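Have the sequence and the 3D view open side by side for this one. We'll take a walk through a few spots and see who touches whom.

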Amino acid sequence: TDVIGNCAFGIECNSLQDPNAEFRVMGRKLIGSRRHGPLINAFINSFPNMARRLRMAIMPQEITDFFLRIVRENIEYRERNGVQGNDFMSILMDLNKGKYLKSENDQLRALSVSEMTAQVFVFFVAGFETSSTTLAFALYELALQTDLQERLRKEIEETIQKHNNEFTYECMEDMQYMKQVLSGE
């Protein structure tokens, strides 16, 4: 959650220190809550134009409102304070404020705030669920196979020691077995 919040929004989420951090709470709700049952969701997915006209949505309104608010507040803050981050939000703001996209009929158009929110939402969901699922499976397998767990622990300890007892990006890059464990090789 912290990494995604920082990369997508340039926001420090602090979910490791605060388990009730707003981003973490919304991530859990996003994964665990459903607005409708399977039949209504099937209707919305099968007939998106009709569902849109009927103002039906799959996502609970609370989650939609949260992401819209975060994007709007982030844009306002950055514009007011002249903040230019090196993150996904900056790219989206460029597309909103002058770097245009071509539409289907080759017309130039800017990205709307709703479209920006949709992009950030997809980025958040993709990172939130896949990261936690990957880690859960890796930890499960390591718990079952203590020999693999020991091999990984040894690599971590040796690599950190080789890097003056500092865990850095370069240190992590040297952990080849760690990469294999996380990629399922």
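What follows starts with confidence, then turns to one helix, one serine and some salt bridges.

This is a predicted model, so local features need pLDDT of at least 70 and side-chain atom pairs count only at pLDDT 80 or more, while totals for chains, interfaces and linings use all residues. Residues are numbered from 1 along each chain as its sequence is written, and side-chain values use heavy atoms, with hydrogens and water left out. The mean pLDDT (the predictor's confidence in each residue, from 0 to 100) is 84 for the protein, with 93% of residues at 70 or more. Strand β1 (residues 101-102) has the lowest confidence, a mean of 64, and α8 the highest, at 95. Helices (H or I, at least four residues) and strands (E, at least two) are DSSP runs, numbered from the N terminus.

So let's look at α8. Helix α8 covers residues 146-162, and its 17 residues reach 24 Å from first C-alpha to last, close to the 24 Å expected at 1.5 Å a residue; that expected span is 1.5 Å times one less than the number of residues. Its buried residues are Leu-152, Glu-155 and Thr-159, where buried means under 20% relative accessible area, exposed over 50% and partly exposed in between (1.4 Å probe, protein chains only). Seen down the axis of α8, these buried residues fall within an arc of 60°, so they line one face; the arc is that of the directions from the helix axis to the C-beta atoms. They pack against α7 (113-144), α9 (169-173) and α10 (176-183), with contact meaning heavy atoms within 4.5 Å. On the other side, Thr-146, Asp-147, Glu-157 and Gln-161 are exposed.

Ser-90 is buried, at 4% relative accessible area. Its side chain makes a 2.9 Å polar contact with that of Arg-78 (a pair of N or O atoms within 3.5 Å; within protein, one must be able to donate a hydrogen and the other to accept it, and residues adjacent in sequence count only if both atoms are side-chain atoms).

Finally, the structure holds nine salt bridges, each a side-chain nitrogen of Lys or Arg within 4 Å of a carboxyl oxygen of Asp or Glu. One of them joins Lys-29 and Glu-62 (2.7 Å, N to O), linking helix α2 (residues 22-32) to helix α5 (residues 61-81) across 33 residues.
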